[in-house]
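Here are my notes on the model you sent over.

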Amino acid sequence: MSVHYVIIGNGAAGTSAATRIAELDSSAQITIVADETHPAYFRPLIPFLIEGSHSPDNLLRAPLASTVTSSGSAVALQPSTQAVELADGRRLPYDRLLLATGASPYLPPISGLASADPFVLRRWDDAEAIRRVCRPGGSALVLGAGRVGVKCALALRPLGLQVTVIEALSRLIPLQLDDEASAIVQRAVVAQGIAVALSCTVTRAVRERDNSRTLVLEDGRRFTADLLVVAAGVRPNAQLALAAGIQVRSGIVVDDYLRTSIPNVYAAGDVVEAVDVLTGRSIPGGNWTQAVAMGQCAAANMVGGSVEYPGALAVLNALDLAGLPVISVGIVEPRGDDYAVAVSRAGGAYRKLVFRQERLVGALLVGNVDCAGVYTAMIRNRTDASHLAPRMLDPDFGYGRFLHLKTPEPVACI
Amino acid sequence: MKDIFVRLDRCVGCRTCELECATAHSSSLSLYSAISETPRPRRRLFVESGVGQPVPVLCRQCADAACLSSCIGGALYRDPLSSAVRQRVERCVGCWTCVMVCPYGVVGRQIDGRRVAVKCDRCPDRVSPACVDACPTRALVYVEAEELSAGRRRDIAITAKG
């Protein structure tokens with residue numbers, strides 16, 4: 001008898017889980033419940049919809065064979081009868097359920113912000129809505145200079161808008177970079193004609209009579225523009241789980257096998273409360289690479305396997321910002337005496353490695369990201385780096401350093 | 001399924017494989033014109049200074065390939081025939097996520113012209129990959145794993161006997 005898998009959410013976690021389930025269980029019956037306006041797409045690419053630089057078709061995923069997608073939203077879970085209730089009244093029974101409901105943009109508690117009706121950038125229709133109101137010669141404010149904010153600013157600029165990025169902290173992409181890396185990124189962003197205002201405390205948002213939006217700062221400065229995008233991070237969409245009695249803290253609580261507190265219900269992606277394996281701290285959502293890995297791991301366990309989720313990294317990001325490659329993995333801004341740091345500024349690039357005892361725990365690469373994957377693997381695998389550390393920023397460092405293999409005897413020509 | 005194997009004892013670090021790899025991925029397919037092409041053709045394997053000996057490091061076309069599952073644009077795909085991880089280059093957006101996750105560090109970047117990731121595609125248009133054909137010492141071989149291990153067993157048996 002075939003097992004019925006229901007997956008709520010068709011983002012990175014949901015889609016990768018569906019793909020993996022289909023690979024592992026050929027008789028699987030898979031239903032994806034998706035409340036998006038478009039078929040499954042690659043979320044990190046939506047800034048291209050603003051810029052118009054890519055055909056929208058290139059954002060879509062190849063449809064999954066043997067999977068039914070049910071559009072609409074899930075309104076309730078019935079764990080006792082193993083069913084999902086949909087908004088249109090349908091009831092979808094499941095044998096195994098995956099909650100991959102993702103996260104939603106967070107509006108900081110700034111007076112007047114919600115009623116100023118700002119744009120956000122999380123979904124396909126968000127990007128299209130921004131695109132529709134962009135006029136050459138117009139202006140935009142982007143509140144929040146994280147990855148999404150900076151990408152959004154870079155996508156708006158080619159449309160001929162005056163763009164200003166406003167950030168509460170003292171640097172761009174504050175959570176993934178250090179001061180020096182951020183300064184390099186800032187130069188690249190400013191070179192695109194984008195204005196950057198850092199260390200800003202916004203106290204009030206106003207929708208003006210001419211429909212422009214104003215942000216008022218604590219120090220009295222005012223920024224006004226035709227459109228306002230808020231990119232202040234995301235919060236997990238855990239309401240469904242919470243209402244069903246599933247344990248939720250900052251996100252859905254899962255065990256090492258990505259099982260929730262209710263039998264046959266799993267969770268993966270941004271909705272999960274992930275914990276950084278290096279620091280033990282809980283991780284703000286929004287990491288695509290990790291959502292994919294979680295989806296695959298949950299899938300393996302849903303089909304009856306026993307695959308432990310190896311844990312997440314709070315920082316695991318690759319970006320190309322105005323032609324500047326940036327990769328940031330692990331602990332890139334260590335605090336405390338337990339750490340040793342190696343930095344190279346060769347060739348105009350900035351490359352920084354962070355060690356804790358004999359292990360590599362962080363890599364921050366700007367301008368030259370070659371070999372980043374070797375560092376990522378060393379961080380993930382907690383490789384003993386003590387004998388390699390002095391040479392790890394050499395231009396010729398690579399995986400070859402790990403090969404102690406000796407071919408025992410010559411092999412006859414084949 | 002054939003794989004590219006490295007016989008470390010034979011590699012002398014001449015880097016002919018790198019040259020021929022880049023040439024095989026140029027538009028002119030000739031070393032002399034390839035060097036003046038834009039974007040400059042790039043090698044997809046790397047002869048590194050290993051531990052006391054040169055080591056060609058190349059894509060293993062991993063069964064559970066990190067580059068493939070983390071590709072944010074759907075540019076990488078598994079070719080069902082060769083089981084190589086190949087690229088629809090028009091869909092690559094140059095985000096470098098594959099560069100970040102490849103544990104062998106063998107995904108490169110093309111940065112002149114369109115900015116796209118560059119990885120070993122096992123030379124789809126050739127009977128055997130360019131690097132293998134080029135290797136003057138036959139340090140690189142393109143064989144079935146069983147074939148290689150059978151050859152080795154035979155050699156070890158001969159050595160033991162003789």
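1. Start with α8(A), a helix that is mostly covered: 8 of its 10 residues are buried. Those are A:Ala372, A:Gly373, A:Val374, A:Tyr375, A:Thr376, A:Ala377, A:Met378 and A:Ile379. Keep in mind throughout that this is a predicted model.

2. What do the buried residues of α8(A) pack against? From chain A there are four strands: β18 (316-321), β19 (324-330), β21 (350-356) and β22 (359-366).

3. Is A:Leu403 buried or exposed? Its relative accessible area is 16%, and the cut-off for buried is under 20%, so A:Leu403 counts as buried. Leaving aside residues up to four places away in sequence, A:Leu403 touches B:Val51 and B:Val55.

4. Now the cores. The largest nonpolar core has 97 residues, and the members touching the most others are A:Val84, A:Leu99 and A:Leu156. Helix α7 (residues 288-302) of chain A gives the most to this core, with 8 residues. Apart from it lies another core, of 50 residues, which includes A:Leu313, A:Met392, A:Phe397 and B:Cys92. As a general point, nonpolar side chains tend to be buried together in soluble globular proteins.

5. A:Val84 is worth a click. Not counting residues up to four places away in sequence, A:Val84 touches A:Val6, A:Ile8, A:Ala74, A:Ala76 and A:Leu77, among others. Its list of contacts also includes A:Arg90, A:Arg91, A:Leu92, A:Tyr94 and A:Leu97.

6. Helix α3 (residues 124-133) of chain A has buried residues too: A:Trp124, A:Asp126, A:Ala127, A:Ala129 and A:Ile130. Which elements cover them? Among them are α2 (47-51), α4 (147-156) and β15 (227-230), again from chain A.

7. Over to chain B as a whole. Its secondary structure comes to 6 helices and 8 strands, and from the N terminus on the order is β-α-α-β-β-α-β-β-α-β-β-α-β-α. The radius of gyration is 17 Å, close to the 15 Å that the globule rule gives for 162 residues, so chain B is as compact as a globular protein of that length. Its C-alpha trace spans about 55 × 35 × 30 Å along the principal axes.

8. Buried residues make up 51% of its 162 residues. Of the contacts with a separation of 6 or more, 54% are between residues 24 or more positions apart. The accessible surface comes to about 7,700 Å², with 56% of that belonging to carbon and sulfur atoms. Chain B carries 24 positive and 17 negative charges, and their mean positions are 2 Å apart.

9. Last, B:Thr38, which sits in the loop between α2 (31-34) and β2 (46-49) of chain B. Why does B:Thr38 count as exposed? Its relative accessibility is 66%, and exposed means over 50%. B:Thr38 is 11 residues from B:Ser27 in sequence, with 9.6 Å between them in space, C-alpha to C-alpha.

How values were computed:
Residues are numbered from 1 along each chain as its sequence is written. Chains are lettered from A and ligands numbered from 1 in the order in which they are written. This is a predicted model: local features need pLDDT of at least 70, side-chain atom pairs count only at pLDDT 80 or more; totals for chains, interfaces and linings use all residues. Side-chain values use heavy atoms; hydrogens and water are left out. Helices (H or I, at least four residues) and strands (E, at least two) are DSSP runs, numbered from the N terminus. The radius of gyration is taken over C-alpha atoms; the globule rule is 2.2 Å times the number of residues to the power 0.38. Buried means under 20% relative accessible area, exposed over 50%, partly exposed in between (1.4 Å probe, protein chains only). Contact means heavy atoms within 4.5 Å. Accessible areas come from the Shrake-Rupley method with a 1.4 Å probe; for residues, only the protein chains shown count as cover. Lys and Arg count as positive and Asp and Glu as negative; His and the chain ends are not counted. The place of a charge is taken as NZ of Lys, CZ of Arg, CG of Asp or CD of Glu. A nonpolar core is a set of buried Ala, Val, Leu, Ile, Met, Phe, Trp, Tyr and Cys residues joined through side-chain atoms within 4.5 Å.
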